[in-house]
Amino acid sequence: DCCPSISWAAVDYRNRKKAMYYYTRRCYAPVIVAAAAKMIHDRPQHTIIDSITVSAINHSLLPQTALLSCRLVDANLNIADEFNCPLSISPGTAERVLLPKSFSSPQNPDCSFIHIQLRNEEEIIAQNTFFYVPDKYFHFSCPSVDVRTERVDELNWNLVLTAKNLVKDVHLDCDFDADLSDDFFDLLICTPLTIKIKTDMPIDDIASKIRINSVNSIVAKRR
């Protein structure tokens, strides 16, 4: 942006990263996973999901050997079903896996989603989600997130977030200029997530200068 505005720019007029920057970085990651649904017409002007296929795509120059983990989860992060499959993905190729039929028709699609992870023994290589309904129809609950800060040095902090329910599109709204390791992300499991924050100047009480926004906080206010 050349001035303060609402636009499709990835960086604003003060060189701060906007939502598009983080989403684009995930889309162009060396390895990605994604799910696609095959729809069928069960009656006129009405479709249902017949099957769901997960694709693991390796854009890197190295082969990837990992475990594909797919979990059917509700809005409170309770696991209803789970499917695991080992994969070996050659450079520049994709592996496709058809999920069990139970993933196609959950009992409550408006409060269920699929959490997809591709991981090895050391790290999560890639992850994504599949929602059965658009965000506006999903039953988001009020966000419940425990926040803890850890000071690394004068200019560097760790922000540790632990969610008790699904929190979608989390945005860290900082009152100061900072470089964040990630933003506009989802909290999909109860495991703590650490975000690294680098500030331009020393800050004593960083927690009081960060507001945590999300789709949950917007939708819950309207209900």
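This briefing covers the pockets and the strand pairing of one protein structure.

The model is predicted, so to speak of local features a pLDDT of at least 70 is needed, side-chain atom pairs count only at pLDDT 80 or more, and totals for chains, interfaces and linings use all residues. Residues are numbered from 1 along each chain as its sequence is written, and side-chain values use heavy atoms, with hydrogens and water left out.

**Largest pocket**

- A pocket is an open set of points on a 1 Å grid over the protein atoms alone, where a 1.4 Å probe fits, with protein on both sides within 12 Å along at least five of seven lines; lining residues have an atom within 4 Å of a point.
- The lining of the largest pocket has 36 residues, and R26, A126, Q127, N128 and D182 are the closest to its centre.
- Two or more lining residues come from each of α1 (19-27), β1 (31-43), β6 (112-119), β7 (124-131), β10 (167-174), β12 (185-187) and β13 (193-199).
- Helices (H or I, at least four residues) and strands (E, at least two) are DSSP runs, numbered from the N terminus.
- Strand β7 gives the largest share of this lining, with seven residues.
- By class, 20 residues of this lining are nonpolar, nine are polar and seven are charged.
- Nonpolar here covers Ala, Val, Leu, Ile, Met, Phe, Trp, Tyr, Cys and Pro; charged covers Asp, Glu, Lys and Arg; the others, Gly among them, are polar.

**Second largest pocket**

- Its lining has 24 residues, and D12, R16, K17, K18 and H171 lie nearest the centre.
- At least two lining residues come from each of α1, β10 and β11 (178-180).
- The largest share of this lining is the four residues from β10.
- The lining divides into eleven nonpolar, three polar and ten charged residues.

**Four-stranded sheet**

- Strands β4, β3, β6 and β7 form an open sheet in the order β4-β3-β6-β7, with antiparallel pairing.
- Two strands pair if DSSP finds at least two bridges between them.
- β4 (79-89) and β7 are the edge strands with a single partner each, so one side of each has no neighbour in the sheet.
- On average, neighbouring strands of this sheet are turned by 15 degrees against each other, direction ignored.
- Axes for such angles are lines fitted to C-alpha atoms, for helices over the stretch in contact, and angles run from 0 to 180 degrees between N-to-C directions.
- β6 and β7 run antiparallel and are joined by seven bridges; Q117 stands opposite Q127 in β7.

**Three-stranded sheet**

- An open sheet of three strands has the order β1-β2-β5, and its pairing is antiparallel.
- β1 and β5 (93-98) are its edge strands, each pairing on one side only.
- From one strand to the next, the twist averages 25 degrees.
- β2 (residues 46-58) and β5 run antiparallel and are joined by six bridges; the partner of N58 in β5 is T93.

**Strand β10**

- Six of the eight residues of β10 are buried, so the strand is largely enclosed by the rest of the structure.
- Buried means under 20% relative accessible area, exposed over 50%, and partly exposed in between (1.4 Å probe, protein chains only).
- β10 pairs with β12 in the antiparallel sense over two bridges, and V170 stands opposite F185 in β12.
- Four bridges join β10 to β14 (residues 210-213), and the two run antiparallel; D173 stands opposite R211 in β14.
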